[in-house]
Amino acid sequence: MHLRKLISLLVFGFVFTTSLLAADAPASAPAAAATPSAKSESLLFAYFKGEKDGLHLAYSDDGYQWTALKGDKVFLAPQVGKEKLMRDPSIQRGPDGIYHLVWTCSWNDHGIGYAESKDLIHWSDEQFIPLMEKDDATRNCWAPELFYDEANKDWLIFWSSTVPGKFPETDGQDSNPGANNPGYNNRLYYVTTKDFKTFSATKLLFNPGFNCIDAAIFPDGKKFAMIFKDETNAPFPVQKNLKLAYADKAEGPYTDVSAPISPAGIWSEGPTPLKIGDKWFIYFDKYRNGAFGLITSPDLKTWTDESAKFTYPKGLRHGTVFHAPIENIAALKKVE
């Protein structure tokens, strides 16, 4: 009889304790709800090294440490344009997942290079897109960039060109009469397209009253920001720095030009902006120093030079930083 009571007490204690533990445990939930979703995107940097070399790509997980893909060999060699260059590659991924690439294909031409890809490995045939063919006096089409305008469901392609005599108040920069070179006096122009086959008429995008190149557009809340290079040179007060301007629509007009945001005394060009977390990153070419730089900001007003924390492939030049799905990057890492 005593043995039965002892066994009963032990069983009761076990059941009671188990019930208390179950009551204290959190309610069960699907694994997806309990575990944060895995990171779906990472970062890619499209850039050039030699002018006739081709497209290079590097990847990063944090925006500071960048590693070249494919052993820093080219993914696409230039085939179009008078000089068949590939400078200033700009890549953006469309809503359909297609990557679009534009680049400077000649120092003095009336158009740019274009190609597209689903995976950044296999590319379409290259095309020459004529942009300033209606103005024979145009000297150049430099550093084209892309921006997808959600409001109008189309793409902006924008670039810098010199049209001699159009802005005479700032003509004569970098002139070399002995070489029959009147110098460049650039402003920013644009076209729109939905399919990269038909294009709108060319329009002036930005005339801040001075020579400017290397623009990139990005959204900032309800406004659009443009980072660009003030290219002003002698006989005017030399600038060679980066500035910001703002607009209510992607196609402008852009106003409220900022003071220089690049480090003082450093000739800077080729800026490419990207928001990583809650901070803006702007990478830029310190072209006289043979180096690349990085400035960051939480608000596009206060800037910190973080170039010392930025590591990148040797010889990297002007390009574009963008987000890409991790499966694309995983496939790129396997390319030899």
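This is a predicted model: local features need pLDDT of at least 70, side-chain atom pairs count only at pLDDT 80 or more; totals for chains, interfaces and linings use all residues.
## Pockets and salt bridges

The lining of the second largest pocket is made up of 9 charged, 7 nonpolar and 4 polar residues. The structure holds 12 salt bridges.

**The second largest pocket**
- Its volume comes to about 350 Å³.
- Among its 20 lining residues, Trp107, Trp142, Ile213, Glu231 and Glu269 sit closest to the centre.
- At least two lining residues come from each of S4, S8, S12 and S19.

**The largest pocket**
- This pocket has a volume of about 660 Å³.
- It is lined by 27 residues, with Gln92, Phe147, Ile217, Pro219 and Leu274 nearest its centre.
- Strands S4, S8, S12, S15 and S19 each give two or more residues to this lining, and S8 provides the largest share with 5 residues.
- Its lining has 16 nonpolar, 6 charged and 5 polar residues.

**Salt bridges**
- Asp72 is buried at 15% relative accessible area, while Lys49 is partly exposed at 29%.
- Glu51 and Arg87 form another bridge, with the closest N and O atoms 2.8 Å apart.
- Here, Glu51 is partly exposed at 30% relative accessibility and Arg87 is buried at 11%.
- Asp248 meets Lys223 at 2.8 Å, N to O; Asp248 is exposed at 56%, and Lys223 is partly exposed at 39%.
- A salt-bridge network links Lys229, Glu231, Lys240, Glu269, Asp285 and Arg317.

Methods: Residues are numbered from 1 along each chain as its sequence is written. Side-chain values use heavy atoms; hydrogens and water are left out. On a 1 Å grid over the protein atoms alone, a cavity is a set of points where a 1.4 Å probe fits but cannot get out, and a pocket is an open set with protein on both sides within 12 Å along at least five of seven lines; lining residues have an atom within 4 Å of a point. Grid points are joined across faces, edges and corners, and a volume is the space filled by probe spheres set on the points. Helices (H or I, at least four residues) and strands (E, at least two) are DSSP runs, numbered from the N terminus. Ala, Val, Leu, Ile, Met, Phe, Trp, Tyr, Cys and Pro count as nonpolar, Asp, Glu, Lys and Arg as charged, and the others, Gly among them, as polar. A salt bridge is a side-chain nitrogen of Lys or Arg within 4 Å of a carboxyl oxygen of Asp or Glu. Buried means under 20% relative accessible area, exposed over 50%, partly exposed in between (1.4 Å probe, protein chains only).
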